[in-house]
Every structure is written in C-alpha cells, then in structure tokens.
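Me: Hi! Could you walk me through this protein while I have it open?

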Amino acid sequence: VTRTVEGAPLTFRLVDRTRGFSRADWESVVAVFVDGSKWQFADWPFKSMVDLFHTVPGFYLHFDDQPVATAKDLQDTVVKWGCKILTLRRNARHQDAGVAGE
C-alpha cells in the first residue's frame with residue numbers, strides 16, 4: 001500500500017504473519033493490530049508486551065455493534081499494553097478515514 005505522507009510517497013507492507021521476519025523487517029514495523037490475545041505475540045523478538053508497545057504503536061479495532069471483549073479482558077491486555085481502541089461504525093463506513101486519523 002502506497003500513501004503520501006508529508007508530501008512524499010511511502011510504501012507500507014501489510015502482513016498477517018511474522019514468521020521468517022529478518023531484523024530489517026522488524027525494524028520497519030510501524031503499527032500492530034491486536035485482538036487482545038497474548039499468544040498473538042509468542043514468537044516476537046521483544047522482551048515484554050511493554051517493550052513491544054513502547055517500540056511499536058498497537059491498535060484494537062472493532063465495530064460499534066459488536067461486543068467488545070469484556071472490560072476486564074481489555075484492562076488486562078489492550079489497555080494495559082497502551083494500545084489505542086478504535087471503533088468503526090458498521091453503518092457509516094464513510095467515517096472510517098476519520099477513525100484512522102485518530
């Protein structure tokens with residue numbers, strides 16, 4: 001995906017697996033989308049979740065009409081990790097860009 005950022009084109013690679021990542025691949029990670037499961041990061045080269053999300057911003061994405069993980073689950077993972085919770089309106093998808101800008 002290529003986007004213009006501050007007047008310059010930047011290309012981003014979107015992946016759903018990190019198996020086989022090189023050191024250069026890890027150094028190029030700019031964001032992580034989380035589901036709140038710790039196992040999601042089992043093979044990642046970070047000492048702790050705090051280290052990971054201090055290095056790379058994390059985002060938890062959900063639709064407004066879907067139940068979010070229980071408040072306790074979110075507090076124990078996503079919130080504790082410092083991830084930003086983003087809520088999309090299923091019936092107002094034209095507003096997605098505004099949510100992405102948060």
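Predicted model: local features only at pLDDT ≥ 70, side-chain atom pairs only at ≥ 80, totals over all residues.

Me: Which residue stands opposite leucine 61?
Reply: That would be leucine 86, in strand 5.

Me: What sheet do these strands belong to, and in what order?
Reply: An open sheet of three strands, ordered 3-4-5, with parallel pairing. Strand 3 (32-34) and strand 5 (84-88) are the edge strands, each pairing on one side only. On average, neighbouring strands in this sheet are turned by 35° against each other, direction ignored.

Me: Zooming out, what's the overall secondary structure?
Reply: There are four helices and five strands. Along the sequence, the pattern reads β-β-α-β-α-β-α-β-α.

Me: And what does the C-alpha trace span?
Reply: About 40 × 35 × 20 Å along its principal axes. The accessible surface comes to about 7700 Å², and 53% of that belongs to carbon and sulfur atoms.

Me: How much of the protein counts as buried?
Reply: Of its 102 residues, 27% do.

Me: OK, on to packing. Which residues have the most contacts inside the largest nonpolar core?
Reply: Val32, Val34, Phe41, Phe53 and Trp81, in a core of 15 residues. Strand 3, helix 2 (49-55) and helix 3 (71-81) each supply at least two residues of this core. Another core, of five residues, lies apart from it, and Phe59, Phe63, Leu88 and Val99 are among its members.

Me: What does tryptophan 81 touch?
Reply: Leaving out residues up to four places away in sequence, tryptophan 81 touches Val34, Gly36, Ser37, Lys38, Phe41, Met49 and Phe53.

Me: Switching to threonine 77: where is it found?
Reply: Threonine 77 is in helix 3.

Me: Why does threonine 77 count as buried?
Reply: Because its relative accessibility is 10%, and buried means under 20%.

Me: What does threonine 77 touch?
Reply: Gly36 and Lys38, again not counting residues up to four places away in sequence. Both Gly36 and Lys38 are also on the list for tryptophan 81.

Me: Last one: what share of contacts join residues at least 24 apart?
Reply: That share is 50%, among contacts between residues at least 6 apart in sequence.

Note on methods: Residues numbered from 1 in each chain as written. Heavy atoms only, no water. Pairing = 2+ DSSP bridges. Axes fitted to C-alpha atoms, helices over the stretch in contact; angles between N-to-C directions. Core = buried A, V, L, I, M, F, W, Y, C linked by side-chain atoms within 4.5 Å. Buried < 20%, exposed > 50% of the residue type's maximum accessible area, 1.4 Å probe, protein only. Contact = heavy atoms within 4.5 Å. Areas by Shrake-Rupley, 256 points an atom, 1.4 Å probe, with all protein chains shown as cover.
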